[in-house]
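Colleague: Could we go through the ligand site together before I set anything up? I'd like to take it contact by contact.

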Amino acid sequence: MKRNIVLVGMMGSGKSHIGRKLAQRLNWQFVDTDRKIERSVGMSISDFYRHEGEKAFREKEFNILQQVSRYHEAIISFGGNFPMNIEAYRVLHRYGYIIALQSDPHRVEERVGRHIGKRPTVDYGNLHEFVIKMIRSWEDIYSYCDYVVDTTRGGASQLVETIVEEIDRQGVSFAERKQKEYE
Ligand SMILES: Nc1ncnc2c1ncn2[C@@H]1O[C@H](COP(=O)(O)OP(=O)(O)OP(=O)(O)O)[C@@H](O)[C@H]1O
Ligand SMILES: O=C(O)C1=C[C@@H](O)[C@@H](O)[C@H](O)C1
Ligand SMILES: [Mg+2]
């Protein structure tokens, strides 16, 4: 039996946007690991990355991952540069139903290009090539996920219904939260 739903995928695939709506739909808690890191370090992801570097960011993210992986009835949206290595996968998959979100390059480019500077590792001067490379780096991960959703088209409400239907179809069940455990 699972406890939570984990959303992973490339930057701009809609994890935060759809995750928030999915949580509302199920009346579950919404957790965004980027926001959780920001609260814990007291600065934006971009500032933390600039001041402390990639290694510190990755450590923080893995630390948060271990913490949130045990949550019940939570939609957990991860950062789009989240390295889904085998160690992280094992921690998350024990209690989490893992959904990968993906979009076509033009849509990712459009979404990521909206807030220049917000995403610390994006090459905004060469966005098209950056997006193509990022999309490629996610390709091997989909086969490890329980479900892959294409978010290129369709509004959030429609995509949320598609996800809920698939979870029902797969007959996934989730343990209920019995006490307040986070946020
Ligand atoms: N299905 C959608 N329909 C319309 N707009 C969307 C949709 N999905 C995402 N967006 C918009 O695209 C932008 C990026 O989405 P979002 O922040 O959810 O991506 P993300 O996957 O969480 O990215 P990151 O990995 O960088 O955190 C936001 O402005 C969001 O409102
Ligand atoms: O490395 C990066 O540029 C980013 C990392 C993730 O946390 C993302 O969620 C963020 O939007 C950008
Ligand atoms: Mg996000």
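Colleague: How far is an oxygen atom of ligand 1 from a polar backbone atom of Gly-80?

Modeller: In this predicted model, the separation between a polar backbone atom of Gly-80 and an oxygen atom of ligand 1 is 2.9 Å.

Colleague: And what about the backbone of His-17, how far is that from a ligand oxygen?

Modeller: A polar backbone atom of His-17 lies 2.8 Å from an oxygen atom of ligand 1, while for Arg-114 the atom concerned is a polar side-chain atom, 3.2 Å from an oxygen of the ligand. As for cover, ligand 1 has 630 Å² of accessible area on its own, and the protein covers 81% of that.

Colleague: Which pocket does ligand 1 sit in, then?

Modeller: Ligand 1 sits in the largest pocket. There are 17 residues around it, and those that come nearest are Lys-15, Ser-16, His-17, Gly-80 and Arg-119.

Colleague: Changing topic, what are the confidence scores?

Modeller: The model has an ipTM of 0.97 and a pTM of 0.96, and, for the chain, the mean pLDDT is 95, with 98% of the residues reaching 70 or more.

How values were computed: Residues numbered from 1 in each chain as written. Chains lettered and ligands numbered in written order. Predicted model: local features only at pLDDT ≥ 70, side-chain atom pairs only at ≥ 80, totals over all residues. Heavy atoms only, no water. pLDDT = per-residue confidence, 0-100. Near = heavy atom within 4 Å. Polar contact = N/O pair within 3.5 Å; in protein donor to acceptor, adjacent residues only side chain to side chain. Areas by Shrake-Rupley, 256 points an atom, 1.4 Å probe, with all protein chains shown as cover. 1 Å grid on protein atoms, 1.4 Å probe; cavity = no way out; pocket = protein on both sides within 12 Å on 5 of 7 lines; lining within 4 Å. Sits in = over half its atoms within 2 Å of the grid points.
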